[in-house]
Amino acid sequence: MAKPSILDLGIRGRTWLAAAYLTIQASLVVTAGLRPDGLFSFQMFNESSRISITLSRRVSTPAGGTIVVPTDGAWEASDAGGVVRHFRWTDRVRDPILRHLGRPVHASYGVAAQLFRLQNALDDVALHLGGDGETRGLVADVRVWKNGRDSYETRLESRARYP
Amino acid sequence: MTSLVRRWQTEEADTYVVSLVRAILGVLLLLSGLGNWREVTIFRGDLGFADVFHIALLPEALLPGRALFAALLVAQLVLAMLVMVGWCARPAMVATAVVGLYLLSCDRLAYHNNRYALLLFALLLAFAPCDRAFVWRRPAETPVRRQGPLWAARLAQLQMSIIYLASGVSKLLDSDWREGRVIGDRLVRATALAVAKGVPAALMEALANPTLASALAKLAIFTELFLAVGLFLPRTRTFALWWGVMFHLTIEATSQVELFTWLSLTVYALFAAPTLRERAVLYHPARPWGGWLARGVARLDWLARFDIRADAGAASGHDFVIVERDGTRATGLLGVACIARATPVLFPLFVPLRLLAFAFSSRV
């Protein structure tokens, strides 16, 4: 006989493990729609879409309002002491899709997945702009080509910063 | 239904094929681990989770620091090698699944269906006695000692079915998919990749035609739903396996799916009957073609389907005779089709050869 292993389950163990496993898998598949990126639900090739991200910064105007200033992903801003600092979108965003600005890229796992990720990326970068005393928020204008249809544009904005 | 469940709970058979699948999963885990390592190195360098944008499913406090993250990536490679060679393979499979699922939970940007599926199959097969053959530097076990329960292997089969069902139903519910928009646009944009892999450009252009794309989309949806069920029915299993192999090879030729093609084809081996050498190749030792064919089958018979014997009398005047599981005998082109049916690397040729053999029937 082969050496027994802790992984050799008895009849009851097998049944419980299989029941638990199948319940979890079924739940994850059925609830796929609740997750924008369809995580753990095996939605293969769900879309053939592309996105192109144009990044801007929302900055204050002397009149007390704000304007949106385009950026190519790198910008300079002064801190509270007047020292000029350099910032780049890719300092934190290393994702192979979201790191690309200004050109169409494949929207892996679908447009909803990438917009969800991009919103999180905008919030994350805005949160980590220590030393940027000018940027009030980050804005992404996203051109979307969904499943070969005509393109449309949508705008996402990070949570407001109060530098 | 009760008897089906009872049979699933208690079935025991030779674990040779399950062990082979484990060894190949080890190779796939190693390739996947190396891919992870490469991806992290290229896109992140030596930065930790705190230094880069990520979307964690776990609380931030549970994410690993830089050193632990690197150690876990290395651990995945070591565990994959253990799975591959069969040393402590079953605990290593559990460990690699746990580490892999933990890392996926640390950053959903790193999620890929094929990597997740690979971890699930590793986890499930850890509960099968998959370390009784294909263990490096350990003598092969006797057939009696290779006997073991197959419930976990059956659960892995069911997981394959879940993948097809989830994918097929999600496409069926999506009007863009049903109408062929997704597949049409994908084919248009995959033309360069497919041509680079040897697919004729004219074929890709023809497939992207809206009418044909719509038909292809319906075929793809039907295929996934059929495979979810057809793999389990004895009457459709062989054709479902062949259709599935062609389906995955087509996807591999036209898309980038990392390891999913090879993972699916590996798991397909679990649908082979666990009993070994139920078929026979009887060849005439004095005829060169018979000996050549016997040597070829011996090299390609990775699932140990055939008992290969020189037997001039049984070959009854032919170069070779194939004796099927049910005792049916075939020779000539039909015999070659029977070999292809049970030989992984020749399996894509099985249906074409069988169809050809109908035209030149050669049963004896």
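# Two chains, question by question

Me: In which sense do strand S3 (residues 279-283) of chain B and S4(B) pair?
Reply: This is a predicted model. S3(B) and S4(B) are joined over five bridges. The sense of their pairing is parallel.

Me: Which strands are the edge strands of the open sheet in chain B?
Reply: Four strands form this sheet, with mixed pairing. Their order is S4-S3-S5-S6. An edge strand pairs on one side only. The edges are strand S4 (306-310) and strand S6 (329-330) of chain B.

Me: How far apart do the C-alpha centres of domain 1 and domain 3 of chain B lie?
Reply: The domain assignment gives chain B domain 1 (14-147), domain 2 (164-271) and domain 3 (279-359). Between the centres of domain 1 and domain 3 of chain B the distance is 38 Å.

Me: What separation is there between the centres of domain 1 and domain 2 of chain A?
Reply: For chain A, the assignment gives domain 1 (9-39) and domain 2 (50-157). Taken over C-alpha atoms, their centres are separated by 37 Å.

Me: How many of the 20 residues of H1(A) are buried?
Reply: Helix H1 of chain A covers residues 11-30. It reaches 28 Å from its first C-alpha to its last, close to the 28 Å expected. H1(A) is hardly covered. The count of buried residues is two.

Me: Which helix gives the largest share of the side of chain B that touches chain A?
Reply: On this side, 31 residues of chain B are in contact with 35 residues of chain A. Helix H2 (16-44), helix H5 (113-125), helix H7 (151-172) and helix H9 (181-196) of chain B each give two or more residues. The largest share is seven residues, and it comes from H7(B).

Me: Which element gives the most to the largest nonpolar core?
Reply: This core has 82 residues. B:Phe121, B:Ala122, B:Leu125 and B:Ala156 touch the most other members. With 11 residues, the top contributor is H7(B).

Me: Which residues does B:Phe121 touch, not counting those up to four places away in sequence?
Reply: Close neighbours in sequence are left out here. The remaining contacts are B:Leu25, B:Ala156, B:Gln159, B:Leu263 and B:Val267.

Me: How many residues does the other core hold?
Reply: Another core lies apart from the largest one. Among its members are A:Phe87, A:Val93, A:Ala121 and A:Leu129. Its residue count is 20.

Me: Which residue takes a positive phi in the hairpin of S3(A) and S4(A)?
Reply: Strand S3 (residues 74-78) and strand S4 (residues 84-88) of chain A run antiparallel, joined by five bridges. A:Ala74 stands opposite A:Arg88 in S4(A). The hairpin has five residues between the strands. The residue with a positive phi, near 90°, is A:Gly82.

Me: Why does A:His106 count as partly exposed?
Reply: A:His106 lies in strand S5 (residues 105-106) of chain A. A buried residue needs 20 or more C-beta neighbours within 10 Å, and an exposed one has 12 or fewer. A:His106 has 16 inside 10 Å, so it counts as partly exposed.

Notes:
Residues are numbered from 1 along each chain as its sequence is written. Chains are lettered from A and ligands numbered from 1 in the order in which they are written. This is a predicted model: local features need pLDDT of at least 70, side-chain atom pairs count only at pLDDT 80 or more; totals for chains, interfaces and linings use all residues. Two residues are in contact if their C-beta atoms, placed from the backbone, lie within 7 Å. The expected span of a helix is 1.5 Å times one less than its number of residues. A nonpolar core is a set of buried Ala, Val, Leu, Ile, Met, Phe, Trp, Tyr and Cys residues joined through C-beta atoms within 7 Å. Domain bounds come from an automatic or database domain assignment. Two strands pair if DSSP finds at least two bridges between them.
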